[in-house]
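Visitor: Please take me through the salt bridges here, pair by pair. I am new to this one.
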Amino acid sequence: MASDGHPRIAFGAGAPAALSSRSAPSADGGGALGGRACQPEPDDAVVDLATARQVSGIDEVLDAMEQELVGLAPVKTKIREIAALLLVDAERARFGLTAGRPSLHMSFTGDPGTGKTTVALRMADLLKRLGYLERGHLVAVGRDELVGQYVGHTAPKTKEVLKRAMGGVLFIDEAYYLYRADNERDYGQESIEILLQVMENQRDDLVVILAGYKDRMDTFFQANPGMSSRIAHHIHFPGYTLDELEQIGLLMVGQAGYRLSPAAGTTFRDYLGRRSGQPRFANARSVRNAVERARLRHASRLVQQSGAPVSKDDLMRFEPGDFLASRVFHSGSGDAPAT
Amino acid sequence: MRITQGTFSYLPDLSDDEIKAQIQRALGQGWPLSVEFTDDPHPRNTYWDMWGLPMFDLHDAAAVLYEVNECRRAYPRHYIRVNAYDAARGRQTVALSFIVNRPPDEPGFRLDRQETADRRVRYTTHSYATERPAGARYQEAR
Ligand SMILES: Nc1ncnc2c1ncn2[C@@H]1O[C@H](COP(=O)(O)OP(=O)(O)OP(=O)(O)O)[C@@H](O)[C@H]1O
Ligand SMILES: [Mg+2]
């Protein structure tokens, strides 16, 4: 191939005569679900939604979401609605009915550790299966990855990130840091403008999800109406109830190959109740951290009781002590004497 | 005269869908890509201007096509090419290079013969486009 750094010029002849036949950038709205039928189905045809659904494999994602994510009912409902819309759109396209590609830029609001990043990952996978995204990967960034340090630095930085995310989901954590109300010359504004432009013009190529705490996100959208209006779905992640936290904990314990002794079960619930009332509580992430710390204490406990044989059950079982050692039970929150 | 060079020089110009498919294939091989442009298409001009830096860590061809379109917008009447690099051998090797944009009118080349001592002849490929200063080539016909 003539790609050795010395491009070759073929002088006229030889080369086929046909000249440029550049097509318009692909504007197909249909998904991979047989959306782009060359010939529309006749008006009296019927389509089989159940099969389309099965072929797409979305049920795997939706079921996994149902089983592996505790609570989050409003979020799950919204995701099912979006899946249904895309599925029906693909079938409509077979009859030549096109309402245009729906915009799926979203905002996820909620407290820390309520599952925003986790759901975004699943969303990316789902949108790929539905043919809405080509690749379905997730690129998670914060202000630092988007905004530069000096004049002329921001635009290439933001574009770089946008290009990396194309074909998938761009997840912007704590998006409100992009906007600084007190400084109108902040480079964040430039980044927002590029984002807006690409969210509008490259809608076929990526989905942008802005995430953050509810109140600050609301302020951000008020100050940036252009951003707010480009976001079709505002999804709020409610915090978890104690029962849900417990369920999440049990799920994590099970996934890690552990179990709780009956007494440890009670202690664990007690722990979660206390922890959730304390500062810097990060919902499911705090639960995960508690489980991680219990693993450490469990391991030390087994190592220290040297001599005694250790059974498989011992290796799997948390005891109350694995949680009781926590600061939560001792430190001076006052109302909670150590058990 | 239609200039051809690079990997698909024997083919008619690729459509955007075909360009996208080639880019996706390159990405699939793990090759970074770059976009370059020039208004001096002389065969020995290997150093075209870079449209931004080579692009790493991309997943989807849309990102490269986005830059191609940005470049087309800025230089609608220039030659633009897409290169893909394969670093598998430990050095940056061009694996794929093809033209994705060209001026509507290409005046072509003239062969100059210079007679020197002992009836020897030196040949020069002269590009008509370069008779105008850089930046003013391939303008609308006046
Ligand atoms: N509903 C849930 N069921 C089970 N596990 C969950 C659930 N929600 C979150 N988790 C787990 O909690 C941890 C934190 O979740 P995630 O990172 O998605 O939170 P986040 O909302 O993005 O937090 P932050 O705002 O701090 O970025 C993850 O390990 C995730 O697996
Ligand atoms: Mg997160």
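Guide: Start with a definition: buried means under 20% relative accessible area, exposed over 50%, and partly exposed in between (1.4 Å probe, protein chains only). This is a predicted model, where local features need pLDDT of at least 70, side-chain atom pairs count only at pLDDT 80 or more, and totals for chains, interfaces and linings use all residues. Residues are numbered from 1 along each chain as its sequence is written, chains are lettered from A and ligands numbered from 1 in written order, and side-chain values use heavy atoms, without hydrogens and water.

A salt bridge here is a side-chain nitrogen of Lys or Arg within 4 Å of a carboxyl oxygen of Asp or Glu. Over all chains, the count is 35.

Take Glu246(A) and Arg269(A). Their closest N and O atoms are 2.6 Å apart. Glu246(A) sits in helix α10 (residues 242-255) and Arg269(A) in helix α11 (residues 262-276), so this bridge ties together parts 23 residues apart in sequence. Helices are DSSP runs of H or I with at least four residues, strands are runs of E with at least two, and both are numbered from the N terminus. Arg269(A) is partly exposed, at 31% relative accessible area.

Next, Arg143(A) bridges to Asp186(A), with closest N and O atoms 3.0 Å apart. Arg143(A) belongs to helix α5, while Asp186(A) lies in the loop between β3 and α7, 43 residues apart. Both residues are buried.

Chain B has a pair too: Arg102(B) and Glu106(B), at 2.9 Å between the closest N and O atoms. Arg102(B) is buried at 12%. Glu106(B) is buried at 11%.

Finally, a network of salt bridges links Arg259(A), Asp313(A), Asp314(A), Arg317(A) and Glu319(A).
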